[in-house]
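Here are my notes for your first read-through. Keep the model open and check each point against it as you go.

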Amino acid sequence: SDESGHYVGDVMPYYENGKFYIYYLNDQRAGSRGYHPIWLTETTDFTTYSAPVEAIPFVPDYSSQDLAIGTGSLLKDNSGIYHFWYTGHNDTNNVYQVEKLQHATSTDLHTWTKHPLDGFYGPSYAKYDFRDPYLLYMASESKYWMLVTTKNSSNESVIEKYTSTDLVHWTDAGVFYKNTKGTYNMECPTLFKKGEYWYLTFSAQLDLGQSRTVNYRYSTNLTNWTVPTNEKLDGAGFYAGRVVEKENRHF
């Protein structure tokens, strides 16, 4: 936290041209109507950081889907436009479903324009759990992928895959990975390839009082996933971490 009482929540890192853009949920804990705006700080070395600024605000209106902002991620398209997909959360029963995936764009990584008509809900059985979109480009398919923390029709915890050719319109491509270790949600997923292996990371949303950690799986084919004997990347103090790549180094 800082001297103003703000806390760093889920991080959403992006790397370009020697600089890491660290977006994060600013957990203000002020009891206000609405919470968790996305803020941004920048660094080149993980030692010194720019002064944090707000990037994507919440909307202090009980009828807004963006009453609270949840985790997302961003990519740049072929025309140089940055696309941020994030979670709009409202649990006041004043919107159609609690969670919705929302879209914003930018030309400079600082000023973001929301496009609420692009947003979409998951199926009704996943209305409480449809969040944390993670974007990546799959060159082998010439498509963008979006991985989403959600539930299936049997109320099992899954990571759903969506595909797109423009980072705007998305098609549900089915379950990418189902939780094989329990019923907890697999929050804040990331997927990346290093060497011959693909790595899937996620945060285990266990019950309060249990050890919430960042876990990982690995695979050579994106289908058959190995659960390592020690699946945790760190202890319970490390949660909602996401991986960012710089020149084949992963942080």
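1. Start with terms. Helices (H or I, at least four residues) and strands (E, at least two) are DSSP runs, numbered from the N terminus. By that count, the protein chain has zero helices and 17 strands. Remember that this is a predicted model.

2. Overall form. What radius of gyration would a compact globule with 251 residues have? The rule puts it near 18 Å, and the protein chain has 17 Å, so the two agree. The C-alpha trace spans about 45 × 45 × 40 Å along its principal axes.

3. Cover and contacts. Of the 251 residues in the protein chain, 50% are buried. The accessible surface of the chain comes to about 12300 Å². Carbon and sulfur atoms hold 48% of that surface. Now take the contacts with a separation of 6 or more: 46% of them join residues 24 or more positions apart.

4. Strand β1 covers residues 7-16. Its pairing with β2 is antiparallel and has eight bridges. Find Met12 and look across to β2: Tyr23 stands opposite.

5. Which residue in β3 is the bridge partner of Tyr23? The partner is Leu40. Is β2 enclosed or open? Eight of the nine residues in β2 (residues 19-27) are buried, so the rest of the structure largely encloses this strand.

6. β13 takes in residues 185-194 and is mostly covered, with eight of its 10 residues buried. β14 (residues 197-205) runs antiparallel to β13, and eight bridges join them. Lys193 faces Trp198 in β14. The hairpin leaves two residues between the strands. One of the turn residues, Gly195, has a positive phi of about 65 degrees.

7. The open sheet. β13 and β14 belong to an open sheet of three strands, in the order β13-β14-β15, with antiparallel pairing. Which strands are at the edges? They are β13 and β15 (214-219), and each pairs on one side only. From one strand to the next, the twist averages 20 degrees. β14 and β15 are joined by six bridges and run antiparallel. Among the pairs to find is Thr201, whose bridge partner in β15 is Tyr216.

8. Leu167. This residue is not a glycine, yet its phi is positive, at about 65 degrees. Look for Leu167 in the loop between β11 (157-164) and β12 (171-178). Is Leu167 buried or exposed? Buried means under 20% relative accessible area. Leu167 has 0% relative accessibility, so it counts as buried.

9. Ala240. Here is another residue with a positive phi that is not a glycine; the value is about 60 degrees. Ala240 lies in the loop between β15 and β16 (245-246). Its relative accessibility is 2%, so Ala240 counts as buried.

Notes: Residues numbered from 1 in each chain as written. Predicted model: local features only at pLDDT ≥ 70, side-chain atom pairs only at ≥ 80, totals over all residues. Heavy atoms only, no water. Buried < 20%, exposed > 50% of the residue type's maximum accessible area, 1.4 Å probe, protein only. Pairing = 2+ DSSP bridges. Axes fitted to C-alpha atoms, helices over the stretch in contact; angles between N-to-C directions. Rg over C-alpha atoms; globule rule 2.2 N^0.38 Å. Contact = heavy atoms within 4.5 Å. Areas by Shrake-Rupley, 256 points an atom, 1.4 Å probe, with all protein chains shown as cover.
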